[in-house]
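Reader: I'm new to this one, could you put it up and walk me through it?

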Amino acid sequence: MNNQNQMITKLAQTALMAALCYVVFTFLQIKIPVPGGDATSIHLGNAFCVLAALLLGGWYGGIAGAVGMGIADLMDPVYITVAPKTIVLKLCIGLIAGLVAHRIAHINESTDKKYVFKWSVLASVAGLAFNVVADPIVGYFYKQFVLGQPQELAEALAKMSAMTTLFNAVISTILVAVVYNALRPVLIKSHLLVIHKEKEQTV
């Protein structure tokens, strides 16, 4: 596959992952109303952002999450005001997961299943742990200073967000570990995921 075809394939895969982020967040979420007409939710949208980062790289995964879940927020009257925060955080999730998986562990250079499994889990944990910390903190300052909500309400929303974000992260990490490691051999066999070189990993 030449470079142009690789780029077209990657862009198509990124669009597919963005669509999955959108569909999973929009139609499979459990929305939990909170005071002030706001809401938090239990969802697996972040799992597909991380999965995209593992499969395609950090930038592509981050863009897939930012576009898919950013559009989902813009289409939802409850979340439309927090779409800018969502776009930034999902981009960061993808970048962090991709950094760990591809820049530190180089998982696309290994055929060691145990090594790949370990680092796919660690990359997922890194990206989603960032979100567990950043989402309520960024949300608190965003809602208080950008949206002008009272401090007490912003604090209550941040606490609720922290709980649901942690729950989402745990479930998403498990899902990503199972799906990525099941999907990876199939993609390699179909030449949709290229192993650049084979070498022993000792990390």
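Author: A word on strand pairing to begin with: two strands pair if DSSP finds at least two bridges between them. This is a predicted model, where local features need pLDDT of at least 70, side-chain atom pairs count only at pLDDT 80 or more, and totals for chains, interfaces and linings use all residues. Residues are numbered from 1 along each chain as its sequence is written, and side-chain values use heavy atoms, with hydrogens and water left out.

Reader: OK, so how many bridges join β1 to β2?

Author: Five bridges join strand β1 (residues 30-34) to strand β2, and the two run antiparallel. Within that pair, V34 stands opposite D38 of β2. The names come from DSSP runs numbered from the N terminus, where a helix is H or I over at least four residues and a strand is E over at least two.

Reader: And how many residues of β2 are buried?

Author: Four of the five residues of β2 (residues 38-42) are buried, so the strand is largely enclosed by the rest of the structure. Buried means under 20% relative accessible area, exposed means over 50%, and partly exposed is in between, using a 1.4 Å probe and protein chains only.

Reader: Switching to helices, at what angle do α1 and α2 cross?

Author: The axes of α1 (residues 3-28) and α2 (residues 45-56) cross at roughly 165° and come within 8 Å. That makes α1 roughly antiparallel to α2, a label for angles over 145 degrees, while those under 35 count as roughly parallel, 65 to 115 as roughly perpendicular and the rest as oblique. Axes here are lines fitted to C-alpha atoms, for helices over the stretch in contact, and angles run from 0 to 180 degrees between N-to-C directions.

Reader: Which residues of α1 and α2 meet there?

Author: On the α1 side they are K10, Q13, T14, M17, L20, C21 and V24, and they meet G45, F48, C49, L51, A52 and L56 in α2. Contact means heavy atoms within 4.5 Å.

Reader: How far apart are the axes of α2 and α6?

Author: The axes of α2 and α6 (residues 151-189) are 10 Å apart, and the helices pack at an angle of about 35°. From α2 the contact uses A47, F48, V50, L51, L54 and L55, and from α6 it uses S172, L175, V176, V179, Y180, L183 and L187. By class, that contact has 12 nonpolar, one polar and no charged residues, where Ala, Val, Leu, Ile, Met, Phe, Trp, Tyr, Cys and Pro count as nonpolar, Asp, Glu, Lys and Arg as charged, and the others, Gly among them, as polar.

Reader: Is L54 buried or exposed?

Author: L54 is buried, with a relative accessible area of 0%. Leaving aside neighbours within four places in sequence, L54 is in contact with A101, H102, I107, S120, A123, S124, V176 and Y180. The C-alpha atoms of L54 and H102 are 7.7 Å apart in space, although the two residues are 48 apart in sequence.

Reader: Last one, what is the phi of H106?

Author: H106 has a positive phi of about 50°, although it is not a glycine. Most residues other than glycine have a negative phi. H106 lies in the loop between α4 (83-104) and α5 (113-146), and at 30% relative accessibility H106 counts as partly exposed.
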